Amino acid sequence: MSPKFAIIIGLLIRLGLIAYAEIQDKYFNLKYTDIDYSVYSDGASYVVDGGSPYDRHTYRYSPILAYILIPNVWISSFGKILFSFVDMLACVFMQKMVKSTFLLNLWIFNPLTIQVSTRGSSDTIIVLLIYVMLYLLKKERYTWAALIYGFMVHLRIYPIIYAIPLYFFIDSHQPERIYLGIISKNKVKFALISGGLFIGLLILFHFIYEDFLFQTYLYHFTRKDNRHNFSPYFYQIYLSFESITRTQATLTFLPQFLIVILAGLKYYRDLPFAMLIQTLGFVVFNKVQTAQYFVWWIALIPLALQNTKMNNKEILMLSIIWLILEVQWNFGSYYLEIQGQDVFTMIFIQCVIFFLSNTYLMIKFIENRKPSEFYKIKMD
C-alpha cells in the first residue's frame, strides 16, 4: 500500500468513526466524544456571544483554539473533521522524512491515534506543527521553523521541553558556524524568533483575557487532580487530596525535568529520537496522564525509530502489548465511571503495571538505538 493510498484510507476511517460517534453519543450511556471537545465547543460559544472562552469552567487552552472552532457552534462535528484532516496532513509531512511504510502505517492505522482525533482531541494540531517544524529544520529554514515552534508552544506548553535539543541541534552539522561551543547566528535567531512570538502572544492575550495566563499555563504547574487517570500518582492524590500542598504538586515535575534535560543533551544530534525520549519520559512521570498524552510521543515513533535495531515484527509486538495494557486499564475506568463500583485499588495496580511497561518501552528504545544524525537523513 502506497503512503498516499494509506493516508486516504486513514482519512476515510476517521470520517466514518466521526459519523458513528453521532449514533453512540445519542443512544449509549458511554459517550464516544471526549469531554474536552465539549469544553472547546463551549469556549467557542462564549467567544461568539462576545465573552471569554475562560468563562467556560475547565477551559485551559489558548483562545486561538476557541477561535478556530467557532464553526462548532453551528456544525457540531466541524472540529472532529478538522482534527482528522490535520492528522492526515501531518502524515503527508511524515512521509517526506519517514522512508519506512510500516512505521508510517503504525501511526495512520493505530487504534489509539484514530480514536483520539475522532473523539475530538486537538493534539493532532501539535503533531502537524512538530512535523512541519522538523521538515523546515531539515531544509535549514530556521526563521519559519522558529515561528512554528513559538506558535506551537503557545498552543500547548509541553513542547517547550524540546528547547534544549532544538538549540543544540541547529548548526551541529557545521561546527565552524558555532562560537564558544554553544552560540551561532542560527541558534540565536531561532531562540529570539520563537521566544519572541511566544512572549508576544502571551502579552497580547494576557491583556485581552485576565484569566489567560493562569488557566493556559500556570495552572498546569500546580495542578491537583483527584480524578482517576493513567498516572500511578493518582491514587495517592485521591487519598490525600485535601492535604497536598502546591509545593508538593510542583515537586512531582523533578523526575520529568531530569529526563528532559539529560535526553535533550545526550541525543540532540538525533533530534527526533531526543524528542521521543523526552516526551515519553515527560508523560510517564507526569502526575496526570490521559490518552491524548500518549499521542504526544507515539507521533514521534515513525521518524525516531527509523534507525532502531528492532525489526518491524518486534515493534509491532511491543505496540500490540502496549495497546492491550492500555485497554485493560480502560476496563477498570468503565467499572468506576459507568458502573459506579469501588475499583480504585484495581485501577492503581493497573496504573503501576502500565507505568512499568512504559518505562520498559523507553529503556528498550534507548538500548536499540543506532547512532544517527537527523541532518543526514534523506527526505523528499
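**Exercise 1. Determine which helices each supply at least two residues of the lining of the second largest pocket.**

*Solution.* The helices are helix 8 (142-155), helix 11 (212-221), helix 14 (254-267) and helix 16 (291-298); helices (H or I, at least four residues) and strands (E, at least two) are DSSP runs numbered from the N terminus. The model is predicted: local features need pLDDT of at least 70, side-chain atom pairs count only at pLDDT 80 or more, and totals for chains, interfaces and linings use all residues. Residues are numbered from 1 along each chain as its sequence is written, and side-chain values use heavy atoms, with hydrogens and water left out.

Next, consider the pocket itself. On a 1 Å grid over the protein atoms alone, a pocket is an open set of points with protein on both sides within 12 Å along at least five of seven lines, a cavity is a set of points where a 1.4 Å probe fits but cannot get out, and lining residues have an atom within 4 Å of a point. The second largest pocket holds about 420 Å³ of space. Of its 24 lining residues, Ile157, Tyr158, His220, Phe253 and Phe282 are the closest to the centre. Helix 11 contributes the most to this lining, with four residues.

Finally, the lining is sorted by class: 16 residues are nonpolar, four polar and four charged. Here Ala, Val, Leu, Ile, Met, Phe, Trp, Tyr, Cys and Pro count as nonpolar, Asp, Glu, Lys and Arg as charged, and the others, Gly among them, as polar.

**Exercise 2. Identify the elements and residue classes that line the largest cavity.**

*Solution.* The count comes to four cavities of 30 Å³ or more, and the largest has a volume of about 170 Å³. Among its 17 lining residues, Leu106, Trp297, Ile301, Ser319 and Leu361 lie closest to the centre. Two or more lining residues come from each of helix 5 (101-108), helix 16, helix 17 (301-304), helix 18 (312-337) and helix 19 (344-367). Helix 18 has the largest share, five residues. By class, 15 residues are nonpolar, two polar and no residue is charged.

**Exercise 3. State which residues line the second largest cavity.**

*Solution.* The volume of this cavity is about 100 Å³. Its lining consists of Tyr61, Ser62, Leu65, Ile68, Ser122, Ile125, Ile126, Leu155 and Arg156. Helix 3 (63-68) and helix 7 (123-138) are the elements giving two or more of these residues. The division by class is six nonpolar, two polar and one charged.

**Exercise 4. Explain why helix 6 is described as largely enclosed by the rest of the structure.**

*Solution.* Six of the eight residues of helix 6 (residues 111-118) are buried, so the helix is largely enclosed. The buried residues are Leu112, Thr113, Ile114, Val116, Ser117 and Thr118. At the N-terminal end, Asn110 caps the helix, with a side-chain oxygen 2.8 Å from the backbone nitrogen of Leu112. Just after helix 6, Gly120 takes a positive phi of about 110°.

Technical notes: Buried means under 20% relative accessible area, exposed over 50%, partly exposed in between (1.4 Å probe, protein chains only). A polar contact is a pair of N or O atoms within 3.5 Å; within protein, one must be able to donate a hydrogen and the other to accept it, and residues adjacent in sequence count only if both atoms are side-chain atoms. Grid points are joined across faces, edges and corners, and a volume is the space filled by probe spheres set on the points.
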